[in-house]
Amino acid sequence: MTDPIGSTQSSAGQSTAGLPEAAPLTPEAPVGPLPEEQRRSILVTGATGYVGGRLVPRLTHAGHRVRALARDPGRLADVAWADEVEVVRGDLEDAGSLAEAFGGQEVVYHLVHAMSAGGDFQKAELEQARNVAAAAREAGVRRIVYLSGLHPEGEELSEHLASRVAVGETLLASGVPTIVLEAGIVIGSGSASFEMIRHLTEVLPYMPAPKWVRNFVQPIAVRDVLHYLVHAATLPDDVEGAFDIGGPDVLRYGQVMNGYAVEAGLPQRPIASLPVLTPWLASHWVNLVTPVPRAIAMPLIGSLMHDCVVTEHRIDDLIPPPAGGLTGYRRAVRLALVRERAGDIESSWRSASAAGAPSDPLPNDPQWSGSTVFEDARERITGAPPEAVWEVVEAIGGDKGWYSVPMLWSIRGLMDRVVGGVGLRRGRRDPQRLRAGDVVDFWRVERLEHGRLLRLRAEMKVPGRAWIEFRVDPADEPGRTRYRQRAIFLPSGLAGRLYWWSLVPAHHVIFDTMTARIVGAAEALAKR
């Protein structure tokens with residue numbers, strides 16, 4: 001382990017002096033295939049999340065028989081590895097839904113965290129852990145693996161870290177042999193920590209920061225986290241306990257940000273320590289200048305109030321480091337940047353549901369009877385073929401925008417950020433292709449029928465539930481296409497009705513312009 005704390009740019013900021021040069025990029029070497037006697041039946045909770053979405057294909061590559069648990073199995077219908085796993089429905093907060101899913105499994109990975117749900121996430125995480133422990137014990141599971149966070153001993157921890165510790169202790173007390181891997185900030189394309197570092201560094205030429213910007217952290221590349229997780233499945237049954245894992249570099253958080261600046265080709269940023277910048281204020285600041293919403297930023301920032309470094313290396317006796325060694329911080333940043341610039345993001349923190357966002361699907365039209373429903377429906381017939389219209393629809397949002405009035409969309413996104421919502425900066429996982437569960441700015445893909453239907457559910461802060469739907473069908477007239485667009489809003493109380501009525505004039509401009517420009521873009525595409 002190196003401790004590259006070298007010179008400083010100022011009395012408050014840190015340069016990257018002492019940081020080792022980034023090693024050349026090398027492809028990840030996944031485990032497998034394993035001999036038959038080492039292959040396991042494995043259940044993964046959190047397969048729609050950032051780490052779980054990357055772990056599942058590596059487990060299948062190793063030869064394990066993988067079952068993925070999801071509240072909404074439809075969110076896994078379009079992932080690249082969907083045909084290689086068994087997807088089952090289950091809710092970790094509903095103990096009765098878990099018995100069948102856990103049955104017959106030898107290893108359970110618990111990778112669900114509730115911090116993006118807002119509210120009392122500690123209570124929710126503890127309830128989930130108790131249900132997982134009980135279901136695993138009753139099903140005769142041989143091993144539980146949980147990914148926790150690095151934390152100091154003997155200090156009062158942030159809510160985020162305290163919850164991780166409590167969950168780990170609950171699983172260790174389950175009676176099922178449990179491995180708890182405690183990692184620091186995870187660096188990889190699509191990780192919340194990386195996104196926060198990247199946007200803060202790129203947006204701000206000068207960074208005001210809390211006094212704990214000088215605390216020590218030990219980042220770890222996501223590829224190394226996956227290395228330890230995959231190998232944990234085949235550890236002997238009598239091995240259990242909590243183990244620290246971390247990369248080779250111990251840094252101050254200021255060096256973490258300037259390490260990113262160097263790899264991104266940016267000038268290093270001066271950093272000023274401000275004692276008045278509390279975690280609460282800092283989370284609002286991060287919420288405004290990065291895509292990371294406050295519900296996620298707050299616990300992440302709270303964790304930075306502590307020195308979070310590896311204090312023991314017992315994991316080395318059980319799982320040797322990857323061939324070639326652990327990934328240094330700057331190399332991890334380079335790998336993430338290459339992936340992001342190529343649009344090759346395997347999974348993302350965006351997969352987590354937004355705090356306070358409705359999760360129920362759009363009710364069927366017959367069930368609307370007796371409920372207040374507002375709609376804005378528009379339709380156009382075009383000479384562009386259905387394939388061209390669909391190509392435009394599927395690429396909507398992100399860098400392509402919304403084919404409407406950019407200023408109005410930007411204002412709506414800013415308003416959402418101010419009140420703690422997700423805003424427009426979340427963008428898209430892939431600029432051209434969508435799959436169920438993907439994020440598109442402040443929407444989420446609820447239903448997707450490739451070539452025909454795209455339904456997005458709003459995750460912005462609204463007094464009710466909102467969707468926007470796009471349909472592409474051949475028109476009755478040969479050689480022409482029918483494009484239909486519908487905004488749907490189920491208001492909550494008087495506030496919801498006033499919200500919709502106040503926006504009717506803006507909706508007329510926004511949605512009419514959107515319809516015309518999407519059709520126009522499809523016609524231009526068809527001509528090319």
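This is a predicted model: local features need pLDDT of at least 70, side-chain atom pairs count only at pLDDT 80 or more; totals for chains, interfaces and linings use all residues.
**View 1. Strand β1 and its two partners.** Let's zoom in on one strand of that sheet. β1 and β2 run parallel and are joined by 5 bridges; here Ile 42 has Val 66 in β2 as its bridge partner. With β4, β1 pairs in the parallel sense over 4 bridges, and Leu 43 stands opposite Val 108 in β4. How many of the residues of β1 are buried? The count is 5 of 5, so the strand is mostly covered. In a regular strand, side chains alternate between the two faces of the sheet. Here, Ser 41, Leu 43 and Thr 45 point one way from β1, while Ile 42 and Val 44 point the other way, and all are buried.

**View 2. The largest nonpolar core.** This core has 43 residues. Which of them touch the most other members? They are Val 44, Leu 55, Leu 59, Tyr 109, Leu 181 and Leu 229. At least two core residues come from each of β1 (41-45), α1 (50-61), β2 (65-70), β4 (107-110), β5 (143-149), β6 (178-183), α6 (222-232) and β11 (241-245). The element that gives the most is α6, with 7 residues. Another core, of 36 residues, lies apart from this one, and includes Trp 390, Val 392, Leu 454 and Val 519.

**View 3. Tyr 109 and the residues around it.** Tyr 109 is one of the residues that touch the most other members of the largest nonpolar core. What is Tyr 109 in contact with, leaving aside neighbours within four places in sequence? The list takes in Ile 42, Leu 43, Val 44 and Thr 45, then Leu 55 and Leu 59, then Val 145, and finally Leu 229, Val 230, Ala 232 and Ala 233.

**View 4. Phe 374 against Trp 500.** The model has 7 aromatic pairs. In one of them, Phe 374 and Trp 500 are stacked, at 5.6 Å centre to centre and with 5° between the planes. Phe 374 belongs to strand β14 (residues 374-382) and Trp 500 to helix α13 (residues 493-527), so their pairing ties together parts that are 126 residues apart in sequence. Both Phe 374 and Trp 500 are buried. The two also take part in a cluster: ring pairs link Phe 374, Phe 489, Tyr 499, Trp 500 and Trp 501.

View 5. Why can α7 be called largely enclosed by the rest of the structure? Because 10 of its 11 residues are buried: Tyr 253, Gly 254, Gln 255, Val 256, Met 257, Asn 258, Gly 259, Tyr 260, Ala 261 and Glu 263. Just after α7, Gly 265 takes a positive phi of about 75°. Leu 266 lies in the loop between α7 (253-263) and β13 (271-273). Is Leu 266 buried, exposed or partly exposed? With a relative accessible area of 26%, Leu 266 is partly exposed. Not counting residues up to four places away in sequence, Leu 266 touches Thr 201, Glu 202, Tyr 260 and Ala 261. Leu 266 and Thr 201 are 65 residues apart in sequence, and 8.6 Å apart from C-alpha to C-alpha.

Note on methods
Residues are numbered from 1 along each chain as its sequence is written. Side-chain values use heavy atoms; hydrogens and water are left out. Rings of Phe, Tyr and Trp (its six-membered ring) pair if their centres lie within 6.5 Å; planes under 30 degrees apart count as stacked, over 60 as edge-to-face and the rest as tilted. Buried means under 20% relative accessible area, exposed over 50%, partly exposed in between (1.4 Å probe, protein chains only). A nonpolar core is a set of buried Ala, Val, Leu, Ile, Met, Phe, Trp, Tyr and Cys residues joined through side-chain atoms within 4.5 Å. Contact means heavy atoms within 4.5 Å. Two strands pair if DSSP finds at least two bridges between them.
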